[in-house]
Amino acid sequence: MIDIPCNRHCLGVPVIKDDKKDDKKDDKKELTDIQRVLVSVISENDKITISEMARMTELSESTISREIKRLRVDHKILDREGGRKNGHWVITK
């Protein structure tokens, strides 16, 4: 386990909450700081679990799951191949 202090910082990246009030349905969305951290972590270890990501970033598993879902559905840059035990993450862009 990597010990990372994470008070408003995750893996050295400041975390800023994403403001969605002015978002339009078809606008191009940029990655949030949390999403960039997750992509970075996944690019280093494609077999990492959501639990391990939560421990590394000191965020909850539900936050990690929600952000991964956004990376998969909204941004279409992340996919999962294989099953729960033997699967791995694939960064598509």
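**Figure 1. Accessible surface and fold of the chain.** The chain has an accessible surface of about 6900 Å², 48% of it belonging to carbon and sulfur atoms (Shrake-Rupley method, 1.4 Å probe; for residues, only the protein chains shown count as cover). The model is predicted: local features need pLDDT of at least 70, side-chain atom pairs count only at pLDDT 80 or more, and totals for chains, interfaces and linings use all residues. Residues are numbered from 1 along each chain as its sequence is written, and side-chain values use heavy atoms, with hydrogens and water left out. Three helices and four strands make up the secondary structure, in the order β-β-α-α-α-β-β from the N terminus (DSSP runs numbered from the N terminus; helices are H or I with at least four residues, strands E with at least two). Of the 93 residues, 30% count as buried (under 20% relative accessible area; exposed is over 50%, partly exposed in between; 1.4 Å probe, protein chains only).

**Figure 2. The largest pocket.** The space in this pocket is about 280 Å³ (1 Å grid over the protein atoms alone; a pocket is an open set of points where a 1.4 Å probe fits, with protein on both sides within 12 Å along at least five of seven lines; lining residues have an atom within 4 Å of a point). The volume is the space filled by probe spheres set on the points, which are joined across faces, edges and corners. Helices α2 (50-57) and α3 (61-73) each supply at least two lining residues, and α3 gives the largest share, five residues. Among the lining residues are Thr49, Lys69, Arg72, Arg84 and Trp89.

**Figure 3. Salt bridge Asp33–Arg36 in helix α1.** The closest N and O atoms of Asp33 and Arg36 are 2.6 Å apart (a salt bridge is a side-chain nitrogen of Lys or Arg within 4 Å of a carboxyl oxygen of Asp or Glu). Both residues lie in α1 (residues 33-44), three residues apart, about one turn of the helix. Asp33 is buried at 13% relative accessibility, whereas Arg36 is partly exposed at 40%.

Figure 4. By the rule used, the count of salt bridges is three. Glu67 pairs with Arg70 at 3.0 Å between the closest N and O atoms; the two residues are three apart in α3, about one helical turn. Glu67 is buried at 5% relative accessibility, and Arg70 is partly exposed at 24%. For Arg72 and Asp79, the closest N and O atoms are 3.6 Å apart. Arg72 is partly exposed at 35%, as is Asp79 at 34%. Arg72 also lines the largest pocket.
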